[in-house]
Amino acid sequence: MNERRKMPYRSTALQAKVSQQQIDRLQTELRHCKRDLLLAIAERDQYRGRLAAMESSKFWQIRTRWLQIRQKLGGKESLDWTPELPPIEQIEAEIAQEFPKIQRETPYDRWRIANTPRAADLERMVQMAEILPAKPTISVLMPVYNPPEAYLRSAIESVLAQAYSYWELCIADDASTDANVRSIIKEYAAIDSRIKIAFRPENGHISACSNSALELATGEYIALLDHDDLLSPDALFEIALLLNRHPEADMIYSDEDKIDEQGNFSTPYFKPDWSPDSFLSRMYTCHLGAYRRSIVQDIGGFRIGYEGSQDYDLVLRLTEKTQQVFHIPKILYHWRIHPQSTAQTAAAKPYAYDASDRALAEALERRGEPGKLLPIDRSPGNYIVRYDIKKQGLVSVIIPTKDKAALLDRCLTSIYEKTTYPNYEIILIDNNSVELETSELIQKWRTKFDRFQCRRLEIPFNYARINNLAVQQSSGEYLLFLNNDVEVITPDWMTAMVEQAQRRSIGAVGALLLYPDNTIQHAGVVLGICAYSGHSHKHFPAEASGYLNSIIGITNYSAVTGACLMCKRSDFEAIGGFDENLAVSFNDIDLCLKLMAQGLHHVYLPHVKLYHYESQSRGQDNTSEKRDRFLREANYMMQRWEKWMQRDPHYNPNLTIHRQDYSIREC
């Protein structure tokens with residue numbers, strides 16, 4: 001419905017009869033009803049028989065009355081009646097009764113209506129495909145073993161329905177015992193010459209069967225499709241479109257959702273761009289995956305003995321040969337939910353998790369980064385990787401402070417009493433403290449801990465400059481920037497951070513910071529949300545799993561907070577340290593982005609836990625001067641890092657930018 005036009009009433013008599021409040025109320029009711037009508041139309045194939053009933057509903061009566069009002073508002077005659085409107089609750093109840101499925105509308109339902117390609121969109125894709133400069137053949141591999149007939153037909157037909165026509169479907173049947181399966185496969189092969197088939201003489205399980213399908217492939221790229229799942233009709237077109245933009249791509253993956261036995265779509269998985277350490281914690285790329293065939297063949301295809309996690313093993317080995325990994329942030333794959341599917345329950349294929357254990361452990365050895373895998377409780381297939389420390393290098397713990405002696409003492413005591421890592425020093429930077437208790441506390445720690453030093457710095461507060469000067473006073477191979485308002489919880493916190501910081505690929509290492517009430521203050525930084533940036537899962541319970549297990553698993557982020565941040569000294573010095581133009585805000589994010597620009601990755605570690613008594617030392621930005629300074633620094637960041645601030649590569653663009661809870665972006 002169009003927004004109400006603002007126009008003067010024609011007479012005082014008309015104004016008396018139709019109040020602005022009545023018109024606004026009517027419009028509000030119509031907006032609610034129109035939403036339900038649009039959903040009903042979108043599902044017209046299922047509800048076509050109910051449209052006639054809808055025309056006799058209260059909604060249609062209100063619509064008719066509204067048209068009468070608009071006609072009279074635009075005419076010359078006066079309006080001498082006031083419509084009697086039923087309560088909005090009554091209207092919604094009637095619509096819900098006539099359209100029961102709409103009553104269960106979810107944010108993802110609304111997202112699908114707004115984002116699923118329409119028939120006209122698909123027709124345009126068909127036309128565009130013919131004018132693409134490159135038209136790579138995509139070989140869709142489908143290993144088959146005794147699928148239900150309806151699911152197998154739907155899977156094959158989802159390939160036939162592709163807007164991009166330069167494909168071949170390579171079906172390998174793994175000696176199905178259901179004779180009907182062979183007949184169906186032959187039936188479709190006779191329909192379309194692009195369907196290639198192979199019938200294995202004996203059952204060899206999914207890895208062997210997938211290799212049989214791979215042997216049929218001639219395309220430059222392969223895409224994987226399970227025999228009971230569905231491709232969206234634009235799936236192969238989107239892959240071809242990306243390959244025209246990025247012909248260097250060796251691996252492509254998309255977002256996905258699930259489809260149940262009644263054909264309902266749910267549980268969207270909106271993924272980040274390539275995040276290699278997140279991938280070591282869980283197989284998140286999954287469906288739809290497309291890979292350069294030559295590399296897949298070079299690494300030996302699918303390995304026997306890794307059934308159930310053969311895709312995970314494949315990608316682990318493939319990404320050791322290339323870093324040209326691209327992500328399409330669109331739902332291009334529908335994973336079928338049924339009793340035998342791992343989409344339904346992890347118990348469906350328990351052997352898959354044993355295979356993923358072995359695949360991941362071998363990957364660590366191949367990469368020269370040995371360690372141990374800690375399975376995450378209640379989350380099969382999710383892991384914490386604990387790396388062997390090759391050398392226990394010196395860690396310089398750098399803590400800026402100003403007064404608040406009790407707060408500082410709690411921080412220092414927790415480090416001293418709980419830390420199990422043996423080789424660290426503490427460098428305290430006293431920035432203009434004036435309280436006697438502070439000087440007494442500093443003297444106490446000088447006496448108590450022989451690797452403690454304090455430097456007095458009498459300059460206006462500038463977090464970036466304070467830390468840069470502190471680094472010059474330090475000797476550590478690793479720098480650990482720490483707020484004075486944190487308290488260590490986990491004794492091996494520093495050990496776990498060194499495990500990651502020692503790795504060549506890692507820039508900044510961050511921690512799980514909790515408020516005193518055991519809710520999350522920080523679990524990684526997301527750029528571009530809440531105006532500028534926000535903390536992942538802020539205020540979630542500490543024991544929450546997070547969006548697709550990103551709280552409980554090691555996860556890549558574009559930045560981590562400087563309240564607890566470790567990096568290598570060599571990396572810090574190579575990028576020039578903190579930017580002193582950012583005196584208070586964003587200096588930690590800027591540091592992370594400079595490291596990321598050098599090709600380094602940042603990790604959040606869920607097993608490194610500290611309490612954070614946020615801003616109890618410096619205070620809040622609650623004055624006009626502080627707000628102006630914040631805006632200057634924010635604008636500086638937006639201009640310097642516009643690309644990443646507008647589109648965080650580790651955060652899916654289909655997720656909200658208004659909150660920190662990973663909910664679906666409003667349509």
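Let's start inside the protein: the second largest cavity in this predicted model holds about 70 Å³ of space. Its lining is made up of Leu141, Pro143, Ile206, Ser210, Leu224, Leu225, Asp226, Phe302, Gln310 and Asp311. If you want to find these residues by element, look to strand 1 (138-144), helix 11 (205-216) and helix 15 (310-318), the elements that each give two or more residues to this lining.

The largest cavity has about 180 Å³ of space. It is lined by 19 residues, and those closest to its centre are Pro272, Arg282, Tyr547, Ser550 and Tyr662. Strand 21 (residues 555-557) supplies the largest share of this lining, with three residues. Ten residues in the lining of the largest cavity are nonpolar, seven are polar and two are charged.

Most residues other than glycine have a negative phi. Tyrosine 662, however, has a phi near 65°, a positive value in a residue that is not glycine. You will find tyrosine 662 in the segment after helix 24 (642-646). Is tyrosine 662 buried or exposed? Its relative accessible area is 10%, so it counts as buried, the cut-off being under 20%.

A second residue with a positive phi is phenylalanine 586, at about 70°, and it is not a glycine either. Where does phenylalanine 586 sit? Look in the loop between helix 21 (569-574) and helix 22 (587-597). Phenylalanine 586 is buried as well, because its relative accessible area is 7%.

One last backbone feature is worth a stop. Most peptide bonds are trans. Which form does the peptide bond from histidine 287 to leucine 288 take? This bond is cis, with omega near -15°. To see it in the structure, go to the loop between helix 13 (276-281) and strand 8 (289-292), where leucine 288 has its place.

Conventions:
Residues are numbered from 1 along each chain as its sequence is written. This is a predicted model: local features need pLDDT of at least 70, side-chain atom pairs count only at pLDDT 80 or more; totals for chains, interfaces and linings use all residues. Side-chain values use heavy atoms; hydrogens and water are left out. Helices (H or I, at least four residues) and strands (E, at least two) are DSSP runs, numbered from the N terminus. Buried means under 20% relative accessible area, exposed over 50%, partly exposed in between (1.4 Å probe, protein chains only). On a 1 Å grid over the protein atoms alone, a cavity is a set of points where a 1.4 Å probe fits but cannot get out, and a pocket is an open set with protein on both sides within 12 Å along at least five of seven lines; lining residues have an atom within 4 Å of a point. Grid points are joined across faces, edges and corners, and a volume is the space filled by probe spheres set on the points. Ala, Val, Leu, Ile, Met, Phe, Trp, Tyr, Cys and Pro count as nonpolar, Asp, Glu, Lys and Arg as charged, and the others, Gly among them, as polar.
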